Every structure is written in structure tokens, then in C-alpha cells.
Amino acid sequence: MEVILKKAQKQFAQNLPFVIYKKPNKNTLTALFQKNDTLVEINDFTEKGFVFASFDGSQKVLIPENQSEIIESIIDKKELLAKESSLEIPTEIEKKNFIDLVAKGIQAIENNEFKKVVLSRKETIALADFDLIDAFEKLVYLYPTTFVYCFYHPKVGTWLGATPEQLLQSNDKIVKTIALAGTQKNNDSVEVVWQNKEKEEQQFVTDYIVDNLNSVASEILVSKPYSIKAGSIWHIKTDILATMNSECYLRNIIELLHPTPAVCGLPKEKSKIFILENENYHRTFYTGFLGELNRSNADDAISSDLFVNLRCMEISGSIAHLFMGCGITKDSIPSKEWEESVNKSATMKKVLDYRN
Ligand SMILES: C=C(O[C@@H]1C=C(C(=O)O)C=C[C@H]1O)C(=O)O
């Protein structure tokens, strides 16, 4: 593990692109160290490597397998306990802006413009004594059930995240995906109880995915919704397994699924326009997707393994930009959505706040 982390440090110091990641519940780190700093873009999703794509689909960057050194390493055993962050809380202005944005979203739903919209915000934190690879290592230990990554490209930026959300996993004609939505903070109670607002919001996501896959799948299996925990937050999740028609390609499936109503809304186009016009910042790679694309020699028979870029931050010099969003429906209460966004920001704040 030392070796792979040291190599990542060196690659970063030399301004060469790399990604280092850990899959949910796995004890292996994988890294792709690109040997040059060429910016490679995806054309049709037949490329091999690690993809890093933006929310609006305008940027689809690849760390190509055939131009990279690929290293895997077992994660050393160590336990880091999550703790409450003591970093600064956001300002009253940030709070007011987000509450106003959510109220505007609810109004648009009441006007029947759409049924659901996911609205988000960005929070900026000044960093002291920050080390990228050290922060990545802490994320690995803090969030074992999530997809943890550190992505760097000198022409794109530096991102870190620990996301609970799979976009899809595919091998030939078998595609696995999930519907994830509904959020509540862990309060150590024995049973997690969900209100109708969260159940409905998550059902929208399941229905959307199943409806869209129906046009290209010969069979779809859908699990019952269940609760899962990511860091100190609970979500509702449904597993979906589809067998695709022979004329369906990975590119079609990605176009059908991304962005799902878990991060955009319903209907897709109308909610997307609302997001682009009303969130007063650019999401760039937040709520985009990332992961292994058409991996060669996949030992677990999964050739593409993609995740949605949530619970993430962009590092820019000595500043971290944190991103968090909430699903808004007709039953949303703006102040509660604000609290939810604050709870979600704790995922990254905990690692920024950690002192050895
Ligand atoms: C948009 C985010 O999360 C998404 C929104 C959720 C919700 O609205 O309850 C839950 C999980 C994610 O699908 C985020 O974490 O920024």
C-alpha cells in the first residue's frame, strides 16, 4: 500500500494524470498512472480505461489503459473512527440562498413544471496543512462501504470523493444498477423509519430507471427497497438487474440512465434546465460519473463499473470546494433540505478536519 500511495504522490508532484480508487466493501486499491499529460476524451464508450465525466455531458475524460501503468495493492488493516467535524458552519447568506433556491424548486413543482428536481450547492473551505494522498487514505478508512477515489489531471483538476451511488455495473449484456434516494442522519435507532416524502422520491428513481431500461432490455429484475448507510447517513436503495437486447451498447445505457432522477429530476430535460438556470454555480464533475470503462482482464467478470460523483470535493490550490444536493418534491420543506445538505457536507468535512 505504501508503494502505491508514494507513487501517487510522485505522479502528482510531476503533474501527471492519475486516478487511485477503492471499490465498495473491497480491500484493494487500484491506480492508473498515465505516462504523459495528454487530455484524452471519450468518443463512444468503447474506450478502455478510467472515465471521469461531467454532469452536463460536455466533458468525458479518460485515463487510458494503454497509456498508463496499472497497479493494485491490498489495503493495510487500520481503523480510523469517524468523528464530528468542527469545521466552520456555512454562513447565513449561504443558508438563505439555498433555502430560496429550494422554495423556487417547490414552486415550480406546484406549477406542474416537473415532479422532482435535485438542487445543490457548493461550499468553499480554506485548507491548512492539506495533503491530497493523505486525505485519500483517510477516506479509504472512514468510508469502507463507498467508492473512494482521488482523480488528478493537470488539464482537468483534482477531485476526491466517497460516493455511495453506483451508476451501473456491466458485463456484456448483463447490467446492474441501483435507485438511491431519500436521506436521513444516523441517530443509532434500531429501525430506520422513512416518511412518504422519501419513499416517493426514491420510487421516482426506480420507476424512471425501469421505464428507460424497458426499451432496451429483454428482462429486468427489481428488488424491494431497503435502507443502507453511507458514513453517518442513511438512504433507501433498490437493486435493478437487466439483461439487455443484443443491439444495445454501453453508450446507449449510459445515455438512458445519466443523469438519473437521483441527481437531476423528473422529467429529465425540464429539471435539468431548471438546475442549469437556477443553481448559481457550475456543477462541473459533481453528479457526473466515473469509474472503470471496458476494463481488460477483469477478474470479477465486471468490465465496466461506474459510480455517480457524490460526497466529493474539488481541490484547487489551498481551497476545497464541497458539493451537496437534495431531492426536492412537492412535500419538501426548505429548512429540512438545508439540514440535509449540511449533513451531507460532513462526509468530506470529516476528512478535512482530521488531525493525526
Ligand atoms: C445529490 C446528492 O445525493 C443524492 C440525493 C439524495 C436525496 O435527495 O435524498 C440521496 C442520495 C443521492 O442520490 C448528494 O449527495 O449531493
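Because the model is predicted, local features are reported at pLDDT of at least 70 and side-chain atom pairs at pLDDT 80 or more, whereas totals for chains, interfaces and linings use all residues. Residues are numbered from 1 along each chain as its sequence is written.

The protein has seven helices and 19 strands, where helices (H or I, at least four residues) and strands (E, at least two) are DSSP runs numbered from the N terminus. Its radius of gyration, taken over C-alpha atoms, is 19 Å, close to the 21 Å that the globule rule gives for 356 residues, so the protein is as compact as a globular protein of that length; the rule is 2.2 Å times the number of residues to the power 0.38. Buried residues, those with 20 or more other C-beta atoms (placed from the backbone) within 10 Å of their own, make up 45% of the 356 residues.

Nine strands form an open sheet in the order 6-2-1-8-9-18-19-7-15, with antiparallel pairing; two strands pair if DSSP finds at least two bridges between them. Strand 6 (68–74) and strand 15 (265–266) stand at the edges with a single partner strand each, so one side of each is left without a neighbour in the sheet. Within this order, strand 8 (residues 147–153) is joined to strand 9 (residues 157–163) by seven bridges, and Tyr 149 stands opposite Gly 161 in strand 9.

Tyr 149 is also among the residues with the most contacts inside the largest nonpolar core, which has 93 residues, as are Val 19, Ile 20, Leu 139 and Leu 290; such a core is a set of buried Ala, Val, Leu, Ile, Met, Phe, Trp, Tyr and Cys residues joined through C-beta atoms within 7 Å. Beyond its neighbours within four places in sequence, Leu 290 is in contact (C-beta atoms, placed from the backbone, within 7 Å) with residues including Tyr 149, Phe 52 and Leu 306. In strand 16 (residues 289–293), five of the five residues are buried. Strand 16 runs antiparallel to strand 4 (residues 49–53), joined by five bridges, and Phe 52 stands opposite Leu 290; strand 16 also pairs with strand 17 (residues 304–308) over four bridges in the antiparallel sense.

Around the ligand there are 17 residues, of which Thr 183, Ala 262, Leu 310, Gly 325 and Gly 327 come nearest, a residue counting as near if its C-beta atom, placed from the backbone, lies within 6 Å. Strand 7 (116–126), strand 11 (174–185) and strand 19 (319–328) each give two or more residues to this shell.

Technical notes
A residue is buried if 20 or more other C-beta atoms lie within 10 Å of its own, exposed if 12 or fewer, and partly exposed in between; C-beta atoms are placed from the backbone. Two residues are in contact if their C-beta atoms, placed from the backbone, lie within 7 Å.
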